[in-house]
Each structure stands twice: as C-alpha cells, then as structure tokens.
Amino acid sequence: MRTLVLRASLRPLVGVVSAVLLTLAPAGCRREPPAPSAEYEEAARRFRELYAQKLDDAYLDPRVGEIEAQLQRVPADSLDAEGARELLKRIKDGRQRMAAAASERDEAVASARELPPGSYTAPSTEEPARPAAPAEVPDAGPPDASAGPQAGTAASELVAGFRGCFQRGTPIDVQGRGMRETWQLADRTACRLEYPQHQDAFLLIEAGKVLTLLPKSAVQTVPVTPDGGPAPATDAGR
C-alpha cells in the first residue's frame, strides 16, 4: 500500500500551524521600555544644590542622609537605577574621605596640646631686637657752661669752649651703633678742679652732639694687630 494519501492529508495541517506561530510571535517579543524614576531626579537635584553650597563638606551634612534614602527607593528596573547606584557610591566614598581628614586634624590638634610648655617656638618673621643703646637725653637747650659739657652739648663747643679743657679721645666701637668719636677731660690741674665730674668719663659723640657721658670703667680695651684684627692672647707666665 502506498503512503501518498497520508502525505496528502498532512500537508494542509502543517501550513495552518506555521501561520499560527507567525501570528503569535510578534505578540510574545514586545516589551515596554523602563520608565525614569522621580525619586532619582529629586535626589540628584538636591545633591547638586547641596554640593554647590558646601563643596566636599556636603558629604558630612545631615541632609545627605535624606538624599541617600531617596536613592535607595529607586526601583531596580528603573531607567535611573544605574545612576542611583553610582550616586550612592560617590556619597559613601566622599563621606569616608572627609571623615578620615577630620580625624587627622583632630589628632594633630590633640597632639599639639600635649606638648610641654616651651618645647616649641613658633617661627617669627620679625627682626631680632637690637642691643639696648645708651638712652638719649632730649635737647633741653644750651647746657650750663659752669657744669661742663653734658648730653646735648654741640661737639663744636668742645673745641674752644669750656676753657679749652676737653680734647679728642680714641674712637670707641659702641655695640649696636658702630664707631663713635669721643672727647675727654685734659690732664691739667686747673681742668680737673673746674670739671671734677668729667675726670673718669668719656663724652660719646653722635650726630654732632654729646650723646652721653660714658664711664671709663664701662669701656673694654681690646688690643689689635696692625691689620686691625684682635691681637692673639699672650702667655703671661713666660
């Protein structure tokens, strides 16, 4: 018996099944696109405004916690789900970084407070104070000639005034002021009797006037070599 009749009877059924499958295929593949999240849009806007106001300090602001809560409510199948995860990670990393920096500052401050008094001196840009100089007496007018030259007396008066009892002395190197001209009482009996208070003093000259009466005992004599330097110490025992 031949099978031609069987083949002829099945062929129309195959065409019907194919048509049904072609008809159902488009309906099964159609999917709706993911929708955006209103929670994400609101949270992202609030974070931008907060960061614009406080920069990195925004990560430690209490309001950022509310923003994180909004981001966590963004649906996983939302169009903004990936953006929400990225913003949450940015906030977390920023908070950790700022908290670490604040902790380092607190430790440094605490360590500085534990230093004993006087163990650290802050650097200063001010110039060191110069050595104190002899006090300058204000010029109160011409001094009493009978008392001899005093502070403020013009150096020119020492040349021919005061009975010619004053003569130039050896220049003195005054600390902090440099070399200064000096005058002293002449070694004559009449001068010593006339100006007894000047016997053991130098008249220190500055700016053309007597600056002060400097006791001779306050002057230190330092021998010098011909080249101007200090003389080497000698052995007094030899």
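Cys191 is buried, with a relative accessible area of 1%; here buried means under 20% relative accessible area, exposed means over 50%, and partly exposed is the range in between, using a 1.4 Å probe and protein chains only. This is a predicted model, in which local features need pLDDT of at least 70 and side-chain atom pairs count only at pLDDT 80 or more, while totals for chains, interfaces and linings use all residues. Residues are numbered from 1 along each chain as its sequence is written, and side-chain values use heavy atoms, leaving out hydrogens and water.

**The disulfide**

Let us stay with Cys191 for a moment. Its partner is Cys165, and the two sulfur atoms are 2.1 Å apart, which meets the criterion for a disulfide (a pair of cysteine sulfur atoms within 2.5 Å). The link has an angle of -80° about the S-S bond and is left-handed. The pair ties together distant parts of the chain, 26 residues apart: Cys165 is in the loop between helix 5 (157-160) and strand 1 (166-168), and Cys191 is in helix 6 (residues 189-194). Cys165 counts as buried too, at 3% relative accessibility. A search of the whole structure finds one disulfide.

**The chain as a whole**

Stepping back, the chain has six helices and six strands. These are DSSP runs numbered from the N terminus, with helices being H or I runs of at least four residues and strands being E runs of at least two. Along the sequence the pattern reads α-α-α-α-α-β-β-β-β-α-β-β. Of the 238 residues in the chain, 22% are buried. Contact here means heavy atoms within 4.5 Å; among contacts between residues at least 6 apart in sequence, 50% join residues at least 24 apart.

Four strands form an open sheet in the order 1-4-5-6, with antiparallel pairing. Strand 1 and strand 6 (209-215) stand at the edges with a single partner strand each, so one side of each has no neighbour in the sheet. From one strand to the next the twist averages 30°, where axes are lines fitted to C-alpha atoms (for helices, over the stretch in contact) and angles run from 0 to 180 degrees between N-to-C directions.

Strands count as paired if DSSP finds at least two bridges between them. Strand 1 and strand 4 (residues 182-185) pair in the antiparallel sense over three bridges. Within this pairing, Phe166 stands opposite Leu185, and Arg168 stands opposite Trp183. On to the next pair: strand 4 and strand 5 (residues 201-206) are joined over two bridges, again antiparallel, and Thr182 stands opposite Leu204 in strand 5. In a regular strand the side chains alternate between the two faces of the sheet.

Tyr51 lies in helix 2 (residues 38-54). Leaving aside residues up to four places away in sequence, Tyr51 touches Asp56, Ala58, Tyr59 and Arg90. With Asp56 there is a polar contact between the two side chains at 2.7 Å. A polar contact is a pair of N or O atoms within 3.5 Å; within protein, one must be able to donate a hydrogen and the other to accept it, and residues adjacent in sequence count only if both atoms are side-chain atoms. Tyr51 and Val64 are 13 residues apart in sequence, and their C-alpha atoms are 9.7 Å apart in space.

Asp61 sits in the loop between helix 2 and helix 3. Its side chain reaches the backbone nitrogen of Arg63 at 2.8 Å. Beyond residues up to four places away in sequence, Asp61 touches Leu50 and Lys54.

Gln70 belongs to helix 3 (residues 63-72).

| Residue | Relative accessible area | Class |
|---|---|---|
| Tyr51 | 23% | partly exposed |
| Asp61 | 8% | buried |
| Gln70 | 9% | buried |
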